[in-house]
Amino acid sequence: MTQQADLLPGTLDLLILKAVSLGKLHGYGVLLRIEQITGGALEIKQGALYPALYRLEHQGLIESEWGKSENNRRAKFYRLTAAGRRRLGEEEASWRRFVAAMAAALSATPQEV
Amino acid sequence: MSLIPPAMTPSGIAARLRSLWRGMRRREAIEAEMREEFQHHLELLTEDLMRREGLDREEAYRRARLEFGHVEGHLEDARASRGLRGFDKIAFSWLDVKLGLRMLARHPGLTLVSTFALAVGIPVGLAPSHFVDGLMAPLPVPEGQQIRILRLWSTAQGQAVSPTTHDYEIWRMSLSTFEEIAAFRQTAYNLDADAGGSTVVRGAEVSASAFAVLRVAPLLGRPILPADEVPGEADVAVIGYDLWQSRFGGDPNIVGRSIRVGGVYRTVVGVMPKGFRFPMQELLWTPLRVAPGRAPESAEPVQIFGRLAEGVDDARASAEFAAVAERSAVPGRDRHLRPQVRPFAYILLPGLSGGLKSSPEFLASQSLALMVLLVACINVAMLVFARTATRGNELAVRTALGASRTRIVTQVFVECLVLTILASGAGLLLLASLPDLILRVVPGTWAAALPYWIRWEVGPTTAIRALALACVGAGVAGVVPALRFTGMQVQSTIQRTRAGRTGVRFGGLPGFLIAVDVAVAVGAVGFAMTASDLVQRAGSATAAVGIPADEYLAASIRLPSPIDPASGAGPEGKRRTRMAGIQDELVRRLREDPQVRGVAVADVLPRMDHPTHRIEVEGVEVPDDHGGFTTRVARVAVDFFDSMAQPILAGRGFNAGDIGEAGSAVIVNTTFVERVLGGEPAIGRRIRFVPRGDGEPGPWKEIVGVVGHLGMRLISPENDQGVYLPVAPGELETVRLAIHVRGDPLGFVPRLQEVAAEVAPDLIVSVAGPLDDIYEGDWYLILALSLGAGLLVAILLALAASGVYAIMSFAVSARTTEIGIRSALGATRRDLVVLVARRAVTQIAVGVLIGMPLAALFLVNESGSRYAGAGKTLVVGILVMAAVALAACTGPTLRALRIDPNVALKGEG
């Protein structure tokens, strides 16, 4: 098992948006998808998932509909809205800038300053 | 790094509101869905654990529950993330509504008084806006809200003046912001059907473009076409559905039939659909014909309207219109004309430049109406306050048991909301039936004068306003008391309640409100006294007017205008000559009739409200800031007083030498002599008319005679100082006739129409009815007004009394223990009565003191300083309020006296 990192505040929303941008998912599926795309490096607290999903739905970034799940049960599936897709793009760019800045900062050597 | 901050874009806000609305509306369903979703999650997790770690189902489920965490907690978090947690606290249930209804049933007196107060207050508060909105409704034609009138506002005269056919031609060619422009002129026609004699029909001359602007196609045939506008072409008419049905029996072959309109045969070319009238109530349309080559100065007045082009707003249309109107300006015409683009309903408001809602009259009536509503709300608030006070114990215990403050305030709010919504419903019913009630009271001719587009149904806007008022009312009446109660220390409330008191004291505010109540009531009594005085004096005025009004038939005659558009030069001169001939001939033939005792001719008849003018009297200092004396004026035929059998009290009557340019004789009435001339001899004195704006006064005129009261002003006859001017035949456009008939005046109507038709077939004869009916029309209005005022006063008194009662009753119950102790210590009944009544008497005395100037204000305003009954009115006002206060105090005082000292001391009273 890979070593698990703590989730930065606010990153859960971004991960959820990314996860559902890859295809519509039910709540448990979102959890599995995040685990899959992070290689199990980030641990999502089960209880934190749903409030985040409802918050994003409330903001109009994702939308939901009821359908059949793999175990043939009624399940609620989430997918990205147009507003969500726009937001994901903005957040991704912002995140990349942040990572680059952090990486540059952390790789700085005494000679460079 | 932003990391999903709240997206406050418009679409983000909309999404939030939608989600919030869903969450509130489908609260139970959404919660069930969340539980189902969590359950599904748990099952999948369980299956995963079984597969991954080989656990049995029971153990896997236990682990899954452990990992997932507390379901109720997640539910709570989920609600919070939907923004619904705030609503949970104030969410109310049916139980609150039921409680509210139960409270209404348990306090029937309070329910009745409050519902009554609000059911009257709410429609009164809504009425001004409601009626104005109804009046200003767009024409009920396709896209009627796009129709505007184009008018010229004279800043010098302070009113709109009619544009002319000259303006119409230029505007129509030049304005591109309007899809189409049309002109019309209202008129009346004598319509001769095959049988049944002629009747007067209201109609309009319209340009062919009018039907295009209105976008209404005829039911049968065709509308008026541009070819019909050419002078000399065949005369045509388009008729309305109702006219088609009533006068032509719905004849399917009406198109092509020839009918006689104003003595001219016209071919009916079309029938308009049911319900269509234009511009107000008209049902007959003829082409508006403009004689070619007419000089701009002598162009005829018309009304001009148009339909805004697609996508054009008022600002753009106004800007273009201003530029174009400058080009059509005629030298010599009023230089202070401002072109205006206004909604069509403004044809009713030639005297208003801005909107009706910004007029001072509207603002005054709206604030008065809101004042009534405010008084109603304050009183209901006091009643609820007192009711809530008796529940201090219950509320305190509930708070102690853990009910949140929000919860309790919500409950009291909902209880009040039940009351105010009930009252709003009753109020809306009242408002909906008000137009019918009013139309039943006012004479039928008034109702017929109202334009057909008026919509006075209670629509969604009014209902929403009423609902908003109900919520505000419930807020004031419910939330404020509840906040005060719940804001106190629970323990002390319980202790105080256990000790036989209610939990709160009122403080100064309700005491002040009682004083205001009483003040308003005293003022209202003053107003009612003035109104009733007015009615009495108007009643006594009947006796003062020396005419047997029930023996006279009032009618008016006029010629349709223009009499002959093709004739060209000098239409006014020609009209006068013709009218003079007609008038002389008609009066002569009527006087020959054995049924007729006399015929009097004037521009306005006795008992009608005469127009006022300002005059100067030679040698009399003009009273400052009035700029002259205001006097009533009638223009009468030289034999008017003889025909009315009125003696000349001093000087002489008019004679033929008095008419025309050179004539300078006037006759005044006795009131004029008393009030304007101070009782000095009138004959030989000179007066002249002063224009209202800036301008030269008219020529001096000499008083040659004095006559008695003939009823120039119905209300307050002492103000009817009047001047009579002689008028030559043909000078008046509309001539009024008072025909003194032997027997029933109405029985003479067919004969009058017959004679008129013989004299001139196109003469328009309107019968107003017996002269005393004209009087009664105004009389009903006064009666309705004073009844309304009386009702308002009764409401205010009832409200003041109930407010006083509620506070008194509360004050006594709050002092039960004190009264018990006093009684046990030997206080007499008299002492206790004084104790209880002292507070009420003080508050009422303060109220009366504040109210007296208010009442005096009414009295001075209404009648001027000469009114002597002011003192009497105030005494009556004070007595009425004292009686109300006595009645309000009696119940609580008797209750206080019945208290057994032992019971009171044990704290169970």
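Predicted model: local features only at pLDDT ≥ 70, side-chain atom pairs only at ≥ 80, totals over all residues.
Me: Why is strand β21 of chain B largely enclosed by the rest of the structure?
Reply: The strand covers residues 735-741 of chain B. A residue is buried if 20 or more other C-beta atoms lie within 10 Å of its own. Strand β21 is largely enclosed because the buried residues number seven of the seven.

Me: How many bridges join β12 of chain B to β21(B), and in which sense do they pair?
Reply: Strand β12 spans residues 552-558 of chain B. One link is B:Ser556, whose bridge partner in β21(B) is B:Arg736. The pairing of β12 with β21(B) is antiparallel, over six bridges.

Me: Which residue of β21(B) is the bridge partner of B:Val599?
Reply: Strand β13 of chain B holds residues 596-602. It runs antiparallel to β21(B), joined by six bridges. For B:Val599, the bridge partner in β21(B) is B:Ile739.

Me: What percentage of the residues of chain B count as buried?
Reply: Chain B contains 27 helices and 22 strands. Its residues number 909. The buried part is 38%.

Me: Among contacts in chain B between residues at least 6 apart in sequence, what percentage join residues at least 24 apart?
Reply: A contact here needs C-beta atoms within 7 Å. Take the chain B contacts between residues at least 6 apart in sequence. Those joining residues at least 24 apart make up 81%.

Me: How many residues does the contact take from chain B and from chain A, and which elements of chain B give two or more?
Reply: Chain B gives 25 residues and chain A gives 27 residues. On the side of chain B that touches chain A, the elements giving two or more residues are α1 (10-25), α2 (27-53), α3 (57-68) and α4 (71-81) of chain B.

Me: Which residue of β3(A) is the bridge partner of A:Leu25?
Reply: β1(A) pairs with β3 (residues 74-80) of chain A over two bridges, in the antiparallel sense. The partner of A:Leu25 in β3(A) is A:Tyr78.

Technical notes:
Residues numbered from 1 in each chain as written. Chains lettered and ligands numbered in written order. Helix = DSSP H or I, 4+ residues; strand = E, 2+ residues; numbered from the N terminus. Buried ≥ 20, exposed ≤ 12 C-beta atoms within 10 Å, placed from the backbone. Pairing = 2+ DSSP bridges.
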